[in-house]
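Let's read a structure together, one feature at a time. Have the viewer open and follow along.

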Amino acid sequence: MVLVAGSEGRELVLGERRHRVALQALGDGEFRLEVDGLVKRAWIAVRGETIHLHVDGRSWVVETIDELAESAAGAGAGTDTADAPMPGTVVRVLVERGDAVKRGQTLVIIESMKMETAIVAWRDGTVAAIHRPLGATFDRKAPLVTLEPAG
C-alpha cells in the first residue's frame, strides 16, 4: 500500500488500482479516512519512517512517495534508480525494459520478513533497466529499477 500525491490530492495505490483519499485528524491517533467517498474511522501510528494504519480491525503498513523528498523506495526527485528500502526478494516484476510508466505505477513487488512492498514509479518515465529479476535476493540499498525521465 503506497500513498502518493495525485492530480486531485492524495491517492492510495493498491497494486495497479489508485484510490482518492482524504484524511482528517480527530485526536489521539484517530482519523476520519475517506477512500473513494467511503468514510471510515482509522487509527494511525508512526514509528520512525513506518506508518501503521488500522481500519475495521485490520492493519497495514503504508509507504509514502513524495516527489520532493526521498521516497520509501529510495528514489527521489532527480534520481534515476529505485533502491531497495530493506533486504528481501523480488516476488513480482510488473514492467519490462522499455515500458512507459506513470508516477505511482507499481514496478516491482518485493518481500521482506513475509511483508510485501510495492516499489512504484516516482515520476513518469521509461524503464531503462530492471536490476533484480523475479526470485532474486538483494541487500538494503541494492538497485532495483532504473527509469529514464519522460520526454
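Q: In what order do the 4 strands of the open sheet come, and is the pairing parallel or antiparallel?

A: Strands of a sheet pair through backbone hydrogen bonds, either parallel or antiparallel. Here the order is 8-15-13-10, and the pairing is antiparallel. The edges are strand 8 (81–83) and strand 10 (100–101), each of which pairs on one side only. Strands are DSSP runs of E, at least two residues, and helices are runs of H or I, at least four residues, numbered from the N terminus; two strands pair if DSSP finds at least two bridges between them.

A: Before we go on, a word on the source: this is a predicted model, where local features need pLDDT of at least 70, side-chain atom pairs count only at pLDDT 80 or more, and totals for chains, interfaces and linings use all residues. Residues are numbered from 1 along each chain as its sequence is written, and side-chain values use heavy atoms, with hydrogens and water left out.

Q: How many bridges join strand 8 to strand 15?

A: There are 3 bridges between strand 8 and strand 15 (residues 143–149). To place yourself in the viewer, find Thr81, which stands opposite Thr146 in strand 15.

Q: How many helices and strands does the protein have?

A: The count is 0 helices and 15 strands.

Q: Is Glu11 buried or exposed?

A: Buried means under 20% relative accessible area, exposed over 50%, and partly exposed in between (1.4 Å probe, protein chains only). Glu11, in strand 2 (residues 9–14), counts as buried because its relative accessibility is 12%. Across the protein, buried residues make up 34% of the 151 residues.

Q: Which residue meets Asp56 in a salt bridge?

A: Side chains of opposite charge can pair when their charged atoms come close. The rule used is a side-chain nitrogen of Lys or Arg within 4 Å of a carboxyl oxygen of Asp or Glu, and the count comes to 6 salt bridges. The partner of Asp56 is Lys40, at 2.7 Å, N to O. Asp56 lies in the loop between strand 6 (50–55) and strand 7 (58–65) and Lys40 in strand 5 (residues 38–47), so the pair ties together parts 16 residues apart in sequence. Asp56 is exposed at 55% relative accessible area, while Lys40 is partly exposed at 31%.

Q: Where do Asp124 and Lys102 lie?

A: These two form a salt bridge, with the closest N and O atoms of Asp124 and Lys102 4.0 Å apart. Asp124 is in the loop between strand 12 (115–120) and strand 13 (125–130), and Lys102 in the loop between strand 10 and strand 11 (106–112).
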